Each structure stands twice: as structure tokens, then as C-alpha cells.
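The sequence and the structure come before the details.

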Amino acid sequence: MQIHDFTEQHPILDVDHVRQEFPILGRRLHDNRPLVYLDNAATTQTPQTVLDAMDDYYHRMNANIHRGIHSLAEEATQAFENARKHVQRFLNAADSREIVFTRGATESLNLVANVFVRSEMRPGDEVIVSEMEHHANIVPWQLLADTHGIVIRVIPVTEQGELDMAAYRALFSERTKLVAVTHVSNALGTINPVAELARIAHERGAAIVVDGAQAAPHQPVDVQALDVDFYAFSAHKVYGPTGIGALYGRLDWLEQLPPWQGGGEMIKRVSFDRGTTFADPPHKFEAGTPAIAEAIGFDRALQWVERYGLDVISDWEQHLLLNATEQLQTIDGLRIIGNAEHKAGVISFVVDGAHAQDIGLLIDQLGVAIRTGHHCAQPVLRRFGLEATCRASFALYNTPAEIDTFVSALRRVIDMVRG
């Protein structure tokens, strides 16, 4: 596993200042213990600047967008579309029309699955997914296999927690239409070679959709350089609000594919006798009133991330990952699940003689928040013979001192569980 030492590249980072921007990090829990929040792969906390931006919308310009000509509607529309342009820049998409707002990565993946299968696939056509996918990139394809007769083929995962690339190449056939794969595994932390996956898919005549929920918060993403057809991520994992995310779709695909949901905003004309014609992308895929305040908060969250820089965030999280990995490896009976050469700031682990849920419940009493369970990634855990792991995941506001607290608390909990 290649992990770089943050201090060699960025010797100065005022983490205390970063933490002061997050009101919740000052919270104290059981027996007045300071909160140590290490569940960032599930959701990151939200800085005050994002909360202020959403509050400002409701105080100054609360109105529906795109349909009104009064001042509030025009201001809200401008703020919403500015957020779209910011997501475009964040992903280096070629055109803001390639950015569709959704409720999050899950809805984005469901959108692609439903419109792509309906438009581009026939019974017996194949979609390739990986064994390490989040359920959001498995279940939609299974539902469509039941209703449309598509075939799901699965890329296996190696013992190190990496995709078996030779097996991936061998999965393609003349019926393969689409590859659906995660950029970073939420259960293992593995960073997948998306550009290579996309190149192979395109050489075989298939499109590719990428679940970027665990990548976009932690490393620069350039959808043009990656040469992907679709890319999905969620605001709440990038220090933004819940209930909103974005789907990048290459413009030619968005123009070609049909809408998913019907309603206001996504139409040009509706008629009983002449039929309905649809709006151009991205509005064709944005039926109904969107999450306006959340989009504005999303915009402000991306501004916050860019103020520090994704390179700095990535290097700091790698620094924490190295620290935590080294300490956890000294605990007898603890096994880290997922040891890919390229990892994001996620550590999944199991402890001999201790159930993951017991560890999670007890360590919470010591003020430490980690995730336990199957992480909505049951197939990859079963690949390692497991039903659950403990997972610690890191963000820019975490500190080495918190890692020390976490490991100390974990040792105490293990002693309690083992008796």
C-alpha cells in the first residue's frame, strides 16, 4: 500500500482552524467526552459556511426556480444554476449541460440504469459490475435483470482487495453494453483504475458509469481525463447537505437517452392530442421542484473544499490512514480487510473474538463514532467470508490525536469484549 507522508509535502496545516468551522465537532457525548467522528465515508460533517448559505436562501430568496420572472425567482434560479456550473468545474466536465442534479449518487445510478437499459439494451445484453460495489450499483441492475432480461456479469476481487483486471477483460462479449463500477470502495478503501477500466470498456464498444461517491470528496476528479460516460457523487460526502447529488453524463448520451421521470420542468410542451416533447439536457432529467437550498449549500461546500484543495485533503487523509494503519496493526487479533496498493482514507477491520456491532456500541460510549455492519456492500464482505466489519474513515478535520484516542478506546473495548 502506497501512502505518502503529509508532512513531507504540506508541512503546515492548521487543523484546529479547520475544526472551528464545524459546529458539531465541539459537541461532547457520554460522560462529557469530546466527539471523535470517524464515520466520514457514511457522511461528512458540514461547515458553518454551508449552513449559512442555505439559511440565506430561505431568509432572502425562497422561491421556485426557472418558472418565475419576479426578483426572488430570478435570484434563486441564478444561485441554482451557479451551483450547476460549479459542479461542472469541480469535475472538469466540458459543459454545464452535462450536470444533472439528483437526490444523490444512489438516484444518479438508478437514473442511468433505468434510462440506459430501456433505451440501449435488449434481453440478453450484459452489464459488468464489480464484486466490491455498493448496493446502489448492484440492486438497480438486478431489478432490471428481472424486468428486462439483462445479464449481470461480475468482476472478482483479489485477496488484496483489488479488481482482477485479467478477469475484467475476459468478461466482455459482443452483448456487453455497459460497465458500472465504483471509483473508490466504501468497504475496502480501494482506489480503482477508472481510466483503464474506461479505456477497456470503450475498446470493447461499451459505455461506463462510475460511482464516485467515495472518490470526489478525497481526490481530484477529471471526467474528461478519465474518459467516463457517466459519473455520480453526493453532496453530503463532500461536506455538503444531504438530499442532493450530481450526475455527470456526456452530452451526446444525455441528448440521446430518454427521460426517467415525468413532471414539471422536464418538458417543452404537453398535449393530449399532439403528445409531449421534452426539454433539453439537463432539465430533461430534473422533473419537479429540485432541492434548491441544498444545491446552494452544495455550491458552498465545493467552495470550501477548493479553498483547502483536494490535493491537501488527499495528502492529509493519507497521513491519517498511515498513522491509523500502523497503530491498528499492533493490536493482537485485529485484521484489516482490504490492503490494496492504492487506498483512500478508509480502514475496515475485524477483531478475533469480538463482534463488530459490540465494538461499535461500546466505542461510542467512549466518544468515538465509527461504522459497523456490511456497509451496503455485502457481496465484497462475503468474498472475505464476513458479514460485518468495523470501519473508520477520515476527513480533513480529523487529527492524529483523534487517531490515538480511537486506538486507545478500541484497545479498551477489545479487552472488555474478550473479558
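## Terms and basis

A residue counts as buried when its relative accessible area is under 20%, as exposed when over 50%, and as partly exposed in between, with a 1.4 Å probe and protein chains only. The model is predicted, so that local features need pLDDT of at least 70 and side-chain atom pairs count only at pLDDT 80 or more, while totals for chains, interfaces and linings use all residues. Residues are numbered from 1 along each chain as its sequence is written, and side-chain values use heavy atoms, with hydrogens and water left out.

## Aromatic pairs

Phenylalanine 230 is buried, and tryptophan 253 is buried too. Rings of Phe, Tyr and Trp (for Trp, its six-membered ring) form a pair if their centres lie within 6.5 Å; planes under 30 degrees apart are called stacked, over 60 edge-to-face, and the rest tilted. The whole structure holds 15 aromatic pairs. One of them joins tyrosine 57 and tyrosine 58 edge-to-face, with 4.9 Å from centre to centre and 65° between the planes. Tyrosine 57 counts as buried because its relative accessible area is 3%.

The pair of phenylalanine 230 and tryptophan 253 is tilted, because the ring centres are 6.1 Å apart and the planes lie at 40°. This pair links distant parts of the chain, 23 residues apart: phenylalanine 230 is in strand S7 (residues 230-234) and tryptophan 253 in helix H10 (residues 251-256). Helices (H or I, at least four residues) and strands (E, at least two) are DSSP runs, numbered from the N terminus. Ring pairs also link Phe22, Tyr239, Trp304, Tyr308 and Tyr397 into a cluster.

A charge sits over a ring if NZ of Lys or CZ of Arg is within 6 Å of the ring centre and within 35 degrees of the ring normal. Arginine 383 lies over the face of phenylalanine 384 in this way, at 4.9 Å from the ring centre.

## Pocket and cavity

Both kinds of space are found on a 1 Å grid over the protein atoms alone: a cavity is a set of points where a 1.4 Å probe fits but cannot get out, a pocket is an open set with protein on both sides within 12 Å along at least five of seven lines, and lining residues have an atom within 4 Å of a point. Grid points are joined across faces, edges and corners, and a volume is the space filled by probe spheres set on the points. The largest pocket has a volume of about 380 Å³. It is lined by 25 residues, of which Ala41, His134, Asn186, Gln214 and Lys237 are the closest to its centre. The pocket lining comprises 8 nonpolar, 11 polar and 6 charged residues. In this scheme Ala, Val, Leu, Ile, Met, Phe, Trp, Tyr, Cys and Pro are nonpolar, Asp, Glu, Lys and Arg are charged, and the others, Gly among them, are polar.

There is 1 cavity of 30 Å³ or more. The largest cavity holds about 40 Å³, and its lining includes Asn40, Ala41, Gln214, Val346 and Ser393. By class, that lining has 5 nonpolar, 5 polar and no charged residues.

Valine 346 lies in strand S12 (residues 346-351) and is buried, with a relative accessible area of 4%. Contact here means heavy atoms within 4.5 Å. Not counting residues up to four places away in sequence, valine 346 touches Ala41, Asn186, Leu188, Gly189, Leu321, Arg391, Ala392 and Ser393. From valine 346 to serine 393 the separation is 47 residues in sequence but 4.4 Å in space, C-alpha to C-alpha.

Phenylalanine 172 is in the loop between helix H7 (165-171) and strand S5 (176-182). It is buried, at 10% relative accessible area. With residues up to four places away in sequence left out, phenylalanine 172 touches Ile128, Val179, Ile200, Ala201, Arg204 and Ala206.

Glutamate 107, in helix H5 (residues 105-120), counts as buried because its relative accessibility is 15%. Leaving aside neighbours within four places in sequence, glutamate 107 is in contact with Thr102 and Trp260.

## Backbone geometry

Proline 281 and proline 282 are joined by a cis peptide bond, with omega about 5°. Proline 282 lies in the loop between strand S10 (277-278) and helix H11 (292-308).

Asparagine 32 is not a glycine, yet has a positive phi of about 65°. It is in the loop between helix H2 (15-20) and strand S1 (36-37) and is exposed, at 52% relative accessible area. Histidine 66, also not a glycine, has a positive phi of about 70°. Histidine 66 is in the loop between helix H3 (48-60) and helix H4 (71-91) and counts as partly exposed, at 29%.
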